[in-house]
Amino acid sequence: MNSYRGIKVIAFAVLSVVCLAVPISQAVKYCWIQKHGEVVKFRMEGFDPRDIFRGKYVTVRLSPRKYIPGKDNAAESEQISSQEYQTVYAVLGKDDKGFATIESLSVRRPEHGTYWKVRAIRAKDKISLIYPLDRFYMNEHLAGDAESLIWKDIQNTAAVVRLKDGTGMLDDVEINGVPLARLAREMAGKK
Amino acid sequence: MSKEKLNVKCAHWLLDELPELKAQSVIDETAANRLERYYREQLSSQPDQRWKRLSIVTGILGALFACAGLALIVAHNWDELPAAARLAMGFLPFAAGIPLGIYTLLRDRGIAWQESSAILMGMGIASSIAVVSQVYQLGGELPAFMRIWMILMIPLIVLFRSFTVQMFYSIAFFVMIVNLQGIDDVYILWLLPVAGYAVWEMWKHPESIRAALYRYASIPIIYSLILILEDQGDHLQGIMTLPISVLIAGALTVYGTTMKGNVPWGKNPYPVCGFLSLAVLALIFSYPDNWYHYSSCFLPGWSRAVCSILGAGAGIWLIAGAIMKRQWSRLLPVAMAGLLFPGVYLFFGNNLLPNLIMTALTLGSGIWLLLLSVRCRSMAAMNGGMVLILALALEWFCASDLPILITGLSFIVMGLLFGGANIGFGIYLKKIVREEVK
């Protein structure tokens with residue numbers, strides 16, 4: 001084996017390790033969040049488009065998407081840009097039905113509480129938010145039924161998000177506490 | 001001789017010389033006949049260089065179809081399986097690509113192996129990232145997914161000298177910037193490594209078939225560059241000026257045949273590229289939505305005129321060349337597609353008929369080439385015909401609302417069909433040659 005070929009094989013081995021490391025590191029990270037993350041439920045809306053690589057999914061629009069700062073955290077909110085979206089930390093609470101609410105926004109990582117790294121832009125007295133999760137992948141035969149189920153009972157649909165150290169993963173979508181995939185499967189079985 | 005590799009060129013030269021040697025009484029009739037018989041037998045058992053080249057195309061296209069099928073099977077989302085099984089399934093093409101890649105590099109295998117390894121690795125990377133996104137419900141739009149994929153594809157292009165992956169990269173980049181809200185000039189940096197490598201390959205081996213294919217694979221790069229520099233905010237306009245790029249490539253390659261007109265088609269990559277350009281044009285306009293967008297978008301008049309003139313020009317060129325040289329095999333319906341394109345567009349505008357005409361011409365070209373391949377015993381014609389028919393089938397699958405799983409399985413079947421047809425046809429041709437020698 002000449003040295004040039006040897007270098008190519010070594011380069012290929014390094015490339016293979018890097019290529020493997022990218023998806024595996026993501027898998028490990030989110031597996032960790034799935035096991036140890038805190039559960040937060042968000043209100044949501046949904047419909048079912050298609051991704052050429054990852055298949056059918058229900059678009060998840062988490063709510064609340066607007067935040068009006070109170071007097072006690074107005075100074076903190078003033079630091080959020082009004083020109084372009086910037087990364088901020090949303091400190092989360094719960095309403096009387098158990099759905100997530102935003103208690104405050106901070107440009108610095110909070111030391112306590114449940115928080116999530118989101119993107120925000122300030123517009124006068126309101127702050128608009130973009131959450132990093134927007135898709136719930138489903139089996140292609142179930143995605144259409146899932147969409148109609150969501151629209152039938154949008155008020156009781158919840159996106160179950162697990163949060164750990166500011167990073168979130170979408171664990172499930174539920175309607176009245178029942179997983180969406182199970183409901184969609186039942187609906188498909190009745191047809 | 002039988003133990004050593006036969007020098008095919010020298011054998012052909014000797015066979016060409018035999019009549020002259022006989023005429024000059026250098027060798028007698030019996031010796032000439034024995035020599036001819038011996039070398040024809042030897043040649044019939046040798047893999048033809050053209051077949052070798054075509055096996056590259058077969059390998060690449062078979063691998064492309066099969067890998068696309070595998071990616072779609074992952075996209076089906078087998079949510080009834082446990083996460084570990086789904087992850088294992090998504091990583092399978094990648095795992096298969098590693099030993100293949102090591103074998104190709106260690107044994108210094110040829111283009112077909114290099115391309116197949118690079119394609120398998122490229123698709124393996126895509127399916128592994130996709131399956132993790134799917135299992136852990138990660139967000140992110142298509143451009144974000146493609147960015148990660150493309151970064152990892154750059155070393156593959158260089159390591160395996162793969163023009164197919166370069167083509168993938170260029171098309172993926174094009175799709176990515178078309179899907180972006182605003183295109184920043186910094187995106188040019190994404191083009192530099194692949195464009196630079198393509199230029200280096202073309203400069204180092206200017207006459208090779210690889211260089212010719214790099215030229216073709218560079219078209220989406222040139223087009224993306226135009227899109228970045230212009231960025232008029234109307235991406236639809238950008239998409240539909242694509243035929244102009246394709247037609248310019250077609251016109252240039254057809255022009256290339258005038259400079260190398262005496263070189264047979266098997267050894268001249270330019271007419272192959274010209275044929276592919278017209279085939280791409282016919283395929284683009286076989287897709288109903290594209291015809292609708294082309295008719296309804298706000299294209300400047302000059303670009304429509306350029307597109308139409310070049311289409312007609314390329315079509316006329318191929319047809320006139322075929323008639324004047326009496327080479328009827330060049331009289332392809334795909335050239336008719338180029339010729340008829342402006343007329344169809346002007347007279348019929350935006351309705352079903354132009355789409356049907358283009359589809360019929362593309363399908364007709366495919367069938368014509370298949371028939372021609374049997375008559376002329378040409379594997380090139382058979383592959384050309386199969387490419388057209390399979391590409392048309394691929395378009396139909398994409399345009400229809402068929403389940404992803406069915407589409408994926410169909411792609412795999414098409415890949416196997418392509419490979420099987422080539423192997424079968426190769427055996428058939430060899431058998432005929434052997435019978436003729438006897």
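The structure is a predicted model, in which local features need pLDDT of at least 70 and side-chain atom pairs count only at pLDDT 80 or more, while totals for chains, interfaces and linings use all residues. Residues are numbered from 1 along each chain as its sequence is written, chains are lettered from A and ligands numbered from 1 in the order in which they are written, and side-chain values use heavy atoms, with hydrogens and water left out.

Side chains of opposite charge can pair when their charged atoms come close. Over all chains, 4 salt bridges were found, a salt bridge being a side-chain nitrogen of Lys or Arg within 4 Å of a carboxyl oxygen of Asp or Glu. One of them joins A:K41 to A:E174, with the closest N and O atoms 3.2 Å apart. This pair links distant parts of the chain, 133 residues apart: A:K41 lies in strand β1 (residues 38–45) of chain A and A:E174 in strand β12 (residues 167–175) of chain A. Strands (E, at least two residues) and helices (H or I, at least four) are DSSP runs, numbered from the N terminus. A:K41 is partly exposed at 31% relative accessibility, whereas A:E174 is buried at 14%; buried means under 20% relative accessible area, exposed over 50% and partly exposed in between (1.4 Å probe, protein chains only). A further salt bridge connects A:D171 and A:R162 at 3.1 Å, N to O. Here A:D171 is partly exposed, at 26%, and A:R162 is buried, at 18%. In chain B, the side chains of B:K22 and B:E29 meet at 3.8 Å, and B:K22 is partly exposed, with a relative accessible area of 29%.

The count of disulfides over all chains is 0, where a disulfide is a pair of cysteine sulfur atoms within 2.5 Å. Among the cysteines, A:C19 is buried at 1% relative accessibility, and A:C31 is partly exposed at 29%.

A:S106 belongs to strand β7 (residues 100–106) of chain A and is buried, with a relative accessible area of 11%. Its side chain reaches the backbone oxygen of A:R108 at 2.6 Å. Leaving aside residues up to four places away in sequence, A:S106 touches A:E76, A:V88 and A:Y89 (contact: heavy atoms within 4.5 Å).

On the surface of chain B, a nonpolar patch is formed by B:L363, B:I367, B:L371 and B:W396. Helix α17 (residues 352–376) of chain B contributes its largest share, 3 residues. B:W396 is found in helix α18 (residues 379–399) and is partly exposed, at 45%. Such patches comprise residues with over 30% relative accessible area and no salt bridge, like charges being joined within 9 Å and nonpolar side chains (Val, Leu, Ile, Met, Phe, Trp, Tyr) within 5 Å.

Note on methods:
A polar contact is a pair of N or O atoms within 3.5 Å; within protein, one must be able to donate a hydrogen and the other to accept it, and residues adjacent in sequence count only if both atoms are side-chain atoms. Accessible areas come from the Shrake-Rupley method with a 1.4 Å probe; for residues, only the protein chains shown count as cover.
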